[in-house]
Amino acid sequence: MKKILSTIGILSLVAGAYLTLSTVNSYTPVADAADKMAKPTYSGTLYVAGMGGHFSKADVSIDPNNEEAPITVNSVEMVDIGGAGYPTHDARIDASDRNTMYWSTYKLDTWKDKDAKGGNLHVGKTDLKTGNVVADVAFPAPERAKWTGANYCASGQSATSYIPISMADEGYIDIYDKKTMQLKHRVFFDDLGIKAGEITFAHGTNTPDMKKFLLTVNLTPEGFTKWTGNTKLIYLDMAALEEGKIKKLAEGVITGKPAGADGGTITFRQYFTNDGKYILQSGADRGYLIDAETLKVLDEITPLPGENHDIMPTPDGKYAVMTLREKSKDFKGEDSTDGTILLYDIEARKTVGNSASVCFACHKGEGIGKAILCGLDANWK
């Protein structure tokens, strides 16, 4: 079932959110007004992954000249991939076929039944023209993945392969043939000298030229409950990876705040700018702008009004859209979490205005009390 909601207002629901109106009026100096209007505007369709086994298909307009509310969500629809048994964090639109989106599941399909044994993971693809699932491959978690509380989240691609990464322990990278959706290779991390239990939550994606694959791992040498806040970034050779082999090209480490009860840094999904110059890395309590060549941090995007799980640049690489899990009120007025998006100015190194909801406007009408989003992909107009 699809819900279409028009002209959804921008939400700013965290205590202390900034609510000062800023507009250009007749008293604004001409030069200043011209400078503001020179900022590019954008429009497109975002596909935001959700734990309900569907994507929020959000038609958005982005105007950085509106410093209070730069993102307008014009309408929202639901793209269903299987419902509650298919919780997903992963949206990956084919680079050469923008009507095809690949996805993978974050939990076993029995996750809501506490007494159930076994269960399968799923990878699939959806026709974005119709919203229909055109491939759905089910399989059990591999035996080496002893902990499967979290599974697929991030992914990359080559011209012929869809490449999801598992957050399980042990973590691994899968290489699927795009046409047949057959598993070609499964690569664990031991060839990189990474032992089970030393890292938590692996992510990654391809470089724009598809010659390299970036793998990121949270460093937790003392186990899952001891989050250091630090992340290792590893470049792998794409040609070797597609053959089921690990060939490390370079690596670096970025630092953050140790995660605990009051939050902290845990890295999730990421994107490269189209020119390959920057990596935009999500990090829960912050985001990162990283030099893609040196793997050095250029900016830490903080503070944020919510927990950051993905950052996708605009096609020109001037701005980026961040997905957030943000404190909100549900349809009953009770404390809850909404899925929102926030604009980041890459050139100015700052966020712009308030966040916008891509989940609750639909969820509240359905009587659903929480929205857990993660990754996104987009078709820009």
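What follows is a guided walk through this structure, from its cores and sheets to single residues and backbone details.

The structure is a predicted model: local features need pLDDT of at least 70, side-chain atom pairs count only at pLDDT 80 or more, and totals for chains, interfaces and linings use all residues. Residues are numbered from 1 along each chain as its sequence is written, and side-chain values use heavy atoms, with hydrogens and water left out.

Let's begin inside. The largest nonpolar core has 24 residues. A nonpolar core is a set of buried Ala, Val, Leu, Ile, Met, Phe, Trp, Tyr and Cys residues joined through side-chain atoms within 4.5 Å; buried means under 20% relative accessible area, exposed over 50%, and partly exposed in between, with a 1.4 Å probe and protein chains only. The residues with the most contacts inside this core are Leu46, Val60, Ile62, Val73, Ile341 and Val358. Two or more residues each come from β1 (42-50), β2 (54-62), β3 (71-80), β21 (319-329), β22 (335-345), β23 (350-357) and β24 (373-380). Strands here are DSSP runs (E, at least two residues), numbered from the N terminus. A second, separate core of 19 residues includes Ile173, Val187, Ile194 and Leu241.

Next comes an open sheet of 4 strands, in the order β8-β9-β10-β11, with antiparallel pairing. Two strands pair if DSSP finds at least two bridges between them. The edge strands are β8 (152-157) and β11, each pairing on one side only, and the twist averages 20 degrees from one strand to the next. That angle comes from axes, which are lines fitted to C-alpha atoms, and angles run from 0 to 180 degrees between N-to-C directions. Within the sheet, β9 and β10 are joined in the antiparallel sense over 3 bridges, and Tyr162 has Tyr176 in β10 as its bridge partner.

The loops around these strands hold some backbone details. Between β9 (161-166) and β10 (172-177) lies Glu170, and the peptide bond from Asp169 to Glu170 is cis, with omega near 5 degrees. In the loop between β10 and β11 (183-188) you will find Met181, which has a positive phi of about 60 degrees although it is not a glycine. Met181 counts as buried because its relative accessibility is 3%.

Met210 also has a positive phi, near 60 degrees, in a residue other than glycine. Met210 sits in the loop between β12 (199-206) and β13, and its 21% relative accessibility is why Met210 counts as partly exposed. Another cis peptide bond runs from Thr302 to Pro303, with omega near 0 degrees; Pro303 lies in the loop between β19 (297-301) and β20 (307-313).

Now to strand β5, where 5 of its 5 residues are buried. Thr100, Tyr102 and Ser104 point one way from β5, while Met101 and Trp103 point the other way. On one hand, β5 pairs with β4 (residues 92-93) in the antiparallel sense over 2 bridges, and a hairpin joins β4 to β5 through 6 residues. On the other, β5 pairs with β6 (residues 121-127), also antiparallel, over 5 bridges. Tyr102 shows both pairings: Arg92 stands opposite Tyr102, and Tyr102 stands opposite Lys125 in β6.

Thr100 belongs to β5 (residues 100-104). With a relative accessible area of 14%, Thr100 is buried. Its side chain makes a polar contact with the side chain of Asp97 (2.7 Å). A polar contact is a pair of N or O atoms within 3.5 Å; within protein, one must be able to donate a hydrogen and the other to accept it, and residues adjacent in sequence count only if both atoms are side-chain atoms.

A last stop is Thr216, in strand β13 (residues 212-219). Thr216 is buried, at 0% relative accessible area, and its side chain makes a polar contact with the side chain of Gln270 (3.2 Å). Not counting residues up to four places away in sequence, Thr216 touches several others, including Phe201, His203, Leu233 and Gln281. Lys232 is 16 residues from Thr216 in sequence, yet their C-alpha atoms are 5.6 Å apart in space.

Terms used:
Contact means heavy atoms within 4.5 Å.
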